[in-house]
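Please keep the sequence and the 3D view at hand while reading.

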Amino acid sequence: MTYKSQLLDLLSSRDYIHQTTDAEGLDTLAAKEIVTGYVGFDATAPSLHVGGLVQIMLLRRLQQAGHRPIVVMGGGTTKVGDPSGKDESRKLLDEAGIDANIASIRKVFERFLRFDDSDTGAVMVNNDDWLGSLNYLDLLRDVGPHFTINRMMTFDSVKLRLEREQPLTFLEFNYMILQAYDFRELNQRYGCRLQMGGSDQWGNIVNGIELTRRMGGAEELFGVTTPLITTADGKKMGKTEAGAVWLNADQLSPYDYWQFWRNTADADVIKFLKLFTDVELVEIDRLSNLTGADINEAKIALANATTAMLHGEDAAKEAAETARKTFEEGASDANLPSLSTGGEIGIMAALVGLGFCASNGEAKRKIKEGAVKLDDQTVNDPQLLVTVAAEPVKLSLGKKKHGLLKA
């Protein structure tokens with residue numbers, strides 16, 4: 001489909017669009033005026049992880065196309081917990097924990113979006129500002145009649161949990177009502193006309209549009225979802241053996257972040273360049289024609305661009321240079337991830353501590369496979385006790401994971 005608006009043309013050309021409620025209507029609106037759109041993020045941890053990066057990039061694309069993004073932090077909805085894609089209830093946080101998480105997460109958004117008072121300046125809001133003051137009886141009376149249990153039971157977030165015979169609390173069952181109410185409030189407060197999210201949020205987005213219209217909001221409201229981003233081996237984006245790939249530097253170093261992208265599978269690199277970088281499509285097209293070992297040029301371009309966007313150009317250059325020294329020259333570098341040992345540490349504990357393995361069991365398997373080296377010497381004993389003196393010891397897992405053990 002050919003689009004008139006820069007917004008949908010940009011989203012389509014970079015493969016963000018999975019579903020739209022009314023593509024033609026949104027295209028017409030975006031071609032003639034500034035559209036305010038939002039994505040919601042719950043504050044369940046001090047950092048978002050790379051699995052949520054595509055939604056951050058959606059907001060970036062919205063602003064790049066001349067529109068206004070709203071980042072909705074779920075100070076209110078985090079108290080409830082989104083059941084989408086979950087087999088069990090999330091641990092509930094107190095208000096102090098939620099507020100601390102939001103403050104920590106904001107730093108990441110400031111790398112991707114321009115926050116100012118212009119017509120297209122990004123806005124960050126906390127849905128606890130309106131959800132926290134809702135009177136329960138008023139909510140039941142004013143909002144409850146617009147939802148039917150029959151319809152709510154058809155939502156994947158509910159259906160899948162029940163099919164797996166996993167408990168779904170009444171608290172979580174209310175999440176979709178609160179998310180729909182967010183759209184209504186954002187429309188009233190900011191003239192918001194568009195909600196975006198992952199494919200698992202489709203039902204919630206449609207609910208928000210319908211509720212907002214029924215409660216006197218704008219008639220022309222829109223929703224856009226992105227496809228589920230998976231890697232070539234079918235795994236959900238951002239899930240690794242060593243755990244989540246966090247966006248905050250205090251939870252994952254810029255070097256490790258660079259390495260995550262550098263280790264992208266051949267089949268994923270072009271898709272990820274489109275979704276997660278500002279590299280021009282003409283250049284991406286050139287990189288897509290690389291084959292064999294030459295495709296490493298595309299992977300390095302991906303690692304450099306993603307790391308520079310999140311952590312800055314200097315951090316990206318430093319990570320690339322550290323990797324070059326480590327892989328090409330076999331040298332240790334102070335920028336490698338490090339682990340303080342107190343003078344000695346078991347080899348399996350070191351592998352887990354550096355995040356190279358998720359458990360002692362996995363570490364033991366890797367040692368038996370001959371994949372672990374200390375200062376470039378293969379380790380064969382899973383019970384080895386590593387002594388660290390003044391000089392750091394380099395620990396390697398395979399050809400791509402390297403770290404330093406320090407006293």
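## Terms and model

Helices (H or I, at least four residues) and strands (E, at least two) are DSSP runs, numbered from the N terminus. The model is predicted.

D15 lies in the loop that runs between α1 (6–13) and β1. Its phi is near 65 degrees, a positive value in a residue other than glycine. D15 has a relative accessibility of 42%, so it counts as partly exposed.

Several pairs of strands can be followed in detail. β1 and β6 run antiparallel and are joined by 2 bridges; Q19 has T225 in β6 as its bridge partner. β5 and β6 pair in the parallel sense, over 5 bridges, and here G198 has T226 in β6 as its bridge partner. Strand β2 (residues 36–41) pairs with strand β3 (residues 68–73), also in the parallel sense, over 6 bridges. Along this pair, Y38 stands opposite I70 in β3, and V39 stands opposite V71 in β3.

How many residues of β3 are buried? The count is 6 of 6, so β3 is largely enclosed by the rest of the structure. Both of its faces are covered: R68, I70 and V72 are buried on one side, and P69, V71 and M73 on the other.

β6 is mostly covered, with 5 of its 5 residues buried. F222, V224 and T226 lie on one side of β6, while G223 and T225 lie on the other, and all are buried.

## Helices α13 and α15

Two packed helices are described by the angle between their axes and the distance between the axes. For helix α13 (residues 269–276) and helix α15 (residues 296–311), the axes come within 10 Å and cross at roughly 25 degrees. Angles under 35 degrees count as roughly parallel, and α13 and α15 are therefore roughly parallel to each other. The crossing of α13 past α15 is left-handed.

In the contact between the two helices, V269, F272, L273 and F276 of α13 meet A298, K299, A301, L302, T306 and M309 of α15. The buried residues of α13 are V269, F272, L273, L275 and F276. The cover over these buried residues includes α3 (53–64), α12 (254–262), α14 (281–288) and α15. An α-helix has 3.6 residues a turn, so residues three or four places apart point the same way.

## The sheet of 5 strands

Another open sheet has 5 strands, in the order β9-β15-β14-β11-β12, again with mixed pairing. Its edge strands are β9 (338–340) and β12 (377–378), and each pairs on one side only. Within the sheet, strand β11 (residues 372–374) and strand β14 (residues 393–397) pair in the antiparallel sense over 3 bridges. K373 of that pairing stands opposite S396 in β14.

Where is L354 found? It sits in the loop between α17 (347–353) and α18 (360–368). L354 has a relative accessibility of 10% and therefore counts as buried, since buried means under 20% relative accessible area.

Leaving aside neighbours within four places in sequence, L354 is in contact with P337, S338, L339, L395, G403, L404 and L405.

## Cysteines

A disulfide is a covalent bond between the sulfur atoms of two cysteines. With a disulfide taken as a pair of cysteine sulfur atoms within 2.5 Å, the count comes to 0.

Are C192 and C357 buried or exposed? C192 has a relative accessibility of 0% and counts as buried. C357 is buried too, with a relative accessible area of 2%.

Technical notes
Residues are numbered from 1 along each chain as its sequence is written. This is a predicted model: local features need pLDDT of at least 70, side-chain atom pairs count only at pLDDT 80 or more; totals for chains, interfaces and linings use all residues. Side-chain values use heavy atoms; hydrogens and water are left out. Two strands pair if DSSP finds at least two bridges between them. Buried means under 20% relative accessible area, exposed over 50%, partly exposed in between (1.4 Å probe, protein chains only). Axes are lines fitted to C-alpha atoms, for helices over the stretch in contact, and angles run from 0 to 180 degrees between N-to-C directions. Angles under 35 degrees count as roughly parallel, over 145 as roughly antiparallel, 65 to 115 as roughly perpendicular and the rest as oblique. A crossing is left-handed if the near helix is turned anticlockwise from the far one by less than a right angle, and right-handed if clockwise. Contact means heavy atoms within 4.5 Å.
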